[in-house]
Amino acid sequence: MTTLEDVSTTPVVLGGVRGGPPVPTLRKDRWWVQPIVTVVVLTAFVAYATWAAFVNKDYYAGATMHRDLISPFYSPCLTESCVPGSHPGTIITWWQISPALLILIFPLGFRLTCYYYRKAYYRAFWWAPPACAVADAHGSYKGESRFPLILQNIHRYFFFAGLIFNVLLTIDAVMAFRQPGVGIGFSVGTAVLCVNACLLWLYSLSCHACRHLCGGGLKKFSEHPIRHRIWKALTPLNAHHMVFAWMSLVFVALTDVYVRLVASGAIHDYGFHF
Amino acid sequence: MADDTTTPRTDGGAGAAGERTVTMRLWRGDASGGEFVDYVLPAVEGEVVLDVVHRVQATLAPDLACRWNCKAGKCGSCSTEINGKPSLMCMTRMDTLPTDEAITVAPMKTFPVLRDLVTDVSYNYEVAKRIPPFNPRPKTDDEVAAGGYRMQQIDVERSQEFRKCIECYLCQDVCHVIRDHEENKTAYAGPRFFARSAELEMHPLDATDRRELLQEEQGLNKCNITKCCTEVCPEHIKITDNAIIPLKERVVDARYDPVAWLGRKILRRTKGTAAAAAATAPAHGPAAVQPAVEVTGIPGPQRR
Amino acid sequence: MPEIESHDVDVVIIGAGGAGLRAAIEAKARGLRVALVCKSLLGKAHTVMAEGGAAAALGNVYPEDNWQVHFRDTMRGGKMLNNWRMAQLHAQEAPDRIRELEEWGALFDRTKDGLILQRDFGGHRYARLAHIGDRTGLELIRTLQQKAVADGVEVFMELKVLRLLHDDSGAVAGLVGYWRPSGAFVSFTTKAVVLATGGIGKSWKYTSNSWESTGDGHAMAVWAGADMIDMEAVQFHPTGMVWPLSVRGILVTEGVRGDGGVLRNSEGRRFMFDYIPPMFAAETADSEEEADRWYTDHSAGRRPPELLPRDEVARSINSEVKAGRGSPHGGVFLDIASRRTAEDIRRRLPSMYHQFKELAGVDITAEAMEVGPTCHYVMGGVRVDADTAATTVPGLFAAGEVAGGMHGSNRLGGNSLSDLLVFGRRAGMGAADYVEGRSGTVSVDPGAAEEVVRAATALFERESGENPYDIQHDLQETMQSLVGIIRTGSELEEAMGKLEELEERAANIAVTGGPQYNPGWNLATDLPSMLTVSRCTTQGAIHRTESRGGHTRDDYPAPDAELGKVNFVQRVPAGGAQPGGAVGTPSIRSITITPEPLPVMPDELQALFNEEAH
């Protein structure tokens, strides 16, 4: 005979026999497509970005072409090696290799610690898990509880840094309306820089940390009507964070490609002026 | 995968010439092991998987175990894995599945199997006991006069989303942190209970700070936000975006954000600690999920 | 003889829906050792299905609302067959019970002032239903569940109770059942038992109820000698889906008809025009053209006949189906697709549209629905004392749908959730008072438990016998066709005979497989309850030779003032139990029925009905 006094909270018990066959997954759909696409696109981007960062030339189409187009990989260009006209002035003198490397740390950090990209690369590269209801590839798993992954928690600082870059790239886009020696005008390059800046803003503003800082962290919205309004405006953007993440990633590379082609003289940047 | 071990059963009214049939490949077994068994039935229009499983029970296998209740997607009892995807049987229409091959239905993988498609989900109920309960602030004089708390609709909407949860535990099932790593169960609350904590964190009346507890004891930092919980949620609750990530950001506020820390110091906002949160947890258990030491088998008083 | 695990507690509560949870919270607060026993997992009970809301005269939307108005609405809705004291307590206490939920974490939708928002519902004079979108039942059960867990209520999940046990004095002192996962038997000795087992809908083919609603509490109370009242009062909805299977039993809101949906038979005829009773002829359109004008401008025509009262609509559907003009699956067609644009339908009926689209792939903007009368709720049940929820058997209490009297012969929408809260709490209090006032130790005859266990295990020992699924199927067909929404004397008599045949077959059930989570066996042990409650409903329906509320007799279409003054009380008289029931239960032939006068309402409440009619 037992009474309820004998029945205390039982500890969670490990083990027990699980049902189903001992196979990694029973899924029949093509669950592997998504991780493969992620691997291909991210790898291609990293490879291109690395090459473009180290090549250290053709990142600025300047006055000789009646243009002011700078690649986002190289803006703001602050070292001694920067192409004249491409920067507000030499600020950093001790940096001897490509200025892009100094810049790319910040967007890289922002994207690396981004809640969406974390999902993408944990699935595609780390296989933890490769897809839902597909066994992950690790014997043990501690998640983001230890170094180095605990550093993911600094995402919001990269977000702030990202904002600074967004401002600078927006200035670049505005400057791209200048056509030195001709006047004010508009070209394909101007459009490319504008779209790039817009996508980067969308990516930043849809960021989860941004949504939290703008209002998500509040307990009672009714006491903070303005922050609530901002939060409410950001929420639908946040729902599309993944889309903005991919679009801005691909477009920033395309922007670099375009500027590079123009700067190297391979193509002409068609446009008009007033 | 298990084709060679399956035994087709067709004595359930199927087989008239030319009749369309469906083949259900159902897991049969218990703690001592099991296998897939194929059941062939006439195809009937307008059914969900649960209807077909019921027909198997009524005609071919009266002892086939499956758990269900409302059959309308509101109680969250009939959670299984259909063609490998964690799903509710009552919400999975047969016409959404390819019928040219057998449809596999297996028990949820993360929990021990009781029999056939039924699993022992008591882990979830044990975790639920360790969530510090709702702890409302006292009523103001105005509220005492009005008879009830005053809360604005915009303040309750976020928590209302999580209260849609029907506790089907599909999110717990699909979460690889415990699906693939049994040992994590001792210190991991899982998506369902992150949503519960988020609901309380965002509840306009709740006065308990659960952030330290979440990070230290309930394994919030084990979640690597791969979003499978959101993908399988039959209530379409945005568990990752609206519960887990906001909780992670709140933990950052509490522990990893010197600016916020400084702000709190200056504003002298005093908040409770993990110890305080734990103190409000039910008296019969520590706030954390305890590691089990020696017990094996099915836990809980209800399984003696 | 299998081993029987035993427990000793102060109160066992059977059923973990709203009423059971609320009773457990109350009894636990009194410091008692409480065991909450349920057939499913915790939090899955049928309460989750309630959508509309919980009725309570909070006065947040209409300050002029008060308990007297709510009381009057409830009594009128129940056609005055209600236990007046229950209706009074319900109306008086519901507001506090709702506010209390909020203190336990519930998040109702809000008014502009930040108070609980209330919505309109049929039969309620003022907007009175506290709600959360259309998932109020889920909110209620989750709140109570979390409160019960926080309070440390011990829950025994997936435990099916087979029978109550008595001590020497005849008081309820224990029960015996089995764990569904393992099939192992369990017995409890307890000072009190609260029944909170919900409804009986599973005995009908078309029902909105889940498999659990087999009337276990009703039946166990009858077997234990308790009184039942007005079991014929069963609420049917005229338009529940009958097909596809995946949505069978899901209710199609009256709004579909209000927004232009029409009923057609297999010949495509809009048949409701053939069934306009003289009483409503003056206010009902007599041509399709006139009816169609009404939708856009209520003054341009009279109301379409599809919007006649529910029993009229149901009776008409019933007649069409019986005349062989029904849809292929035994209902009629409810067509809104051909009458409104897809966009209109999606805008006006979003949840209907999404529910059928998602669950059944049925696009109500493109095709007609197949609908028919669907069993929804039982107003009758175990006779209880209003204040304490005590049944006529000492130590046995009942609350929620299993208890009778509160709703009379018809229940208003929204009154069931508040019923659960008010009387769940009162049952917990009543049981606690009883336990505290009781002296001495509790003991039951272990032989009685062993007898129950032997009868339950005997099903495995038969080499061959009846398949429980076949019996359930035949029972559901019988009740649907003969004891459905519209009843006649001859069909009811036929049903009585069929139930006896089914009982004989059920005495010979054989099950295959082992006891571990075996649904065939589980169903076999539910069948005695289903047969018993079916018998009660049928017998009550035969004796109530009138139409009142949810009970409609084709051969007695009008209410009978004399019958409106009595409850039909059913019981197994002391010493009157006959053998021969399924799984060792008393035979359904043991149940007797007698009319007994209703409790008399005091003058001050009576006066509420004499005020000018609203």
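**Figure 1. The two domains of chain B.** Taken over C-alpha atoms, the centres of domain 1 of chain B and domain 2 of chain B are separated by 33 Å. Domain 1 of chain B covers residues 21-119, and domain 2 of chain B covers 131-278. Eleven residues from domain 1 of chain B and twelve residues from domain 2 of chain B take part in the contact. On the domain 1 side, the residues that touch domain 2 of chain B comprise five nonpolar, four polar and two charged residues. As in the other views, the model shown is predicted.

**Figure 2. Helix H2 of chain B and its surroundings.** Helix H2 of chain B spans residues 122-129 and is mostly covered, with seven of its eight residues buried. The buried residues are B:Ser122, B:Tyr123, B:Asn124, B:Tyr125, B:Glu126, B:Val127 and B:Ala128. They pack against helices of two chains: H5 (170-174) and H7 (191-201) of chain B, and H4 (136-150) of chain C.

**Figure 3. The open sheet E3-E5-E4 of chain C.** Three strands of chain C make up an open sheet with antiparallel pairing, in the order E3-E5-E4. Strand E3 (54-55) and strand E4 (118-119) of chain C stand at the edges; each has a single partner strand, so one side of each lacks a neighbour in the sheet. Strand E5 of chain C, residues 129-130, is joined to E3(C) by two bridges. C:Ala54 has C:Ala130 of E5(C) as its bridge partner.

**Figure 4. Strand E9 of chain C and its pairing with E1.** Strand E9 of chain C comprises residues 185-195, and eleven of its eleven residues are buried. Strand E1 of chain C (residues 4-14) runs parallel to E9(C) and is joined to E9(C) by ten bridges. One bridge partner in E9(C) is C:Leu195, which pairs with C:Ile14.

**Figure 5. The hairpin of E8 and E9 in chain C.** Strand E8 of chain C (residues 172-179) runs antiparallel to E9(C), and five bridges join the two. The bridge partner of C:Tyr178 in E9(C) is C:Phe185. Five residues lie between E8(C) and E9(C) in this hairpin, and C:Gly183 in the turn has a positive phi of about 80°.

**Figure 6. Pairing of E9 with E16 in chain C.** Strand E16 of chain C, residues 396-398, pairs with E9(C) in the parallel sense over three bridges. C:Leu396 in E16(C) is the bridge partner of C:Val193.

Conventions:
Residues numbered from 1 in each chain as written. Chains lettered and ligands numbered in written order. Predicted model: local features only at pLDDT ≥ 70, side-chain atom pairs only at ≥ 80, totals over all residues. Pairing = 2+ DSSP bridges. Helix = DSSP H or I, 4+ residues; strand = E, 2+ residues; numbered from the N terminus. Domains from an automatic or database assignment. Contact = placed C-beta atoms within 7 Å. Nonpolar A, V, L, I, M, F, W, Y, C, P; charged D, E, K, R; others polar. Buried ≥ 20, exposed ≤ 12 C-beta atoms within 10 Å, placed from the backbone.
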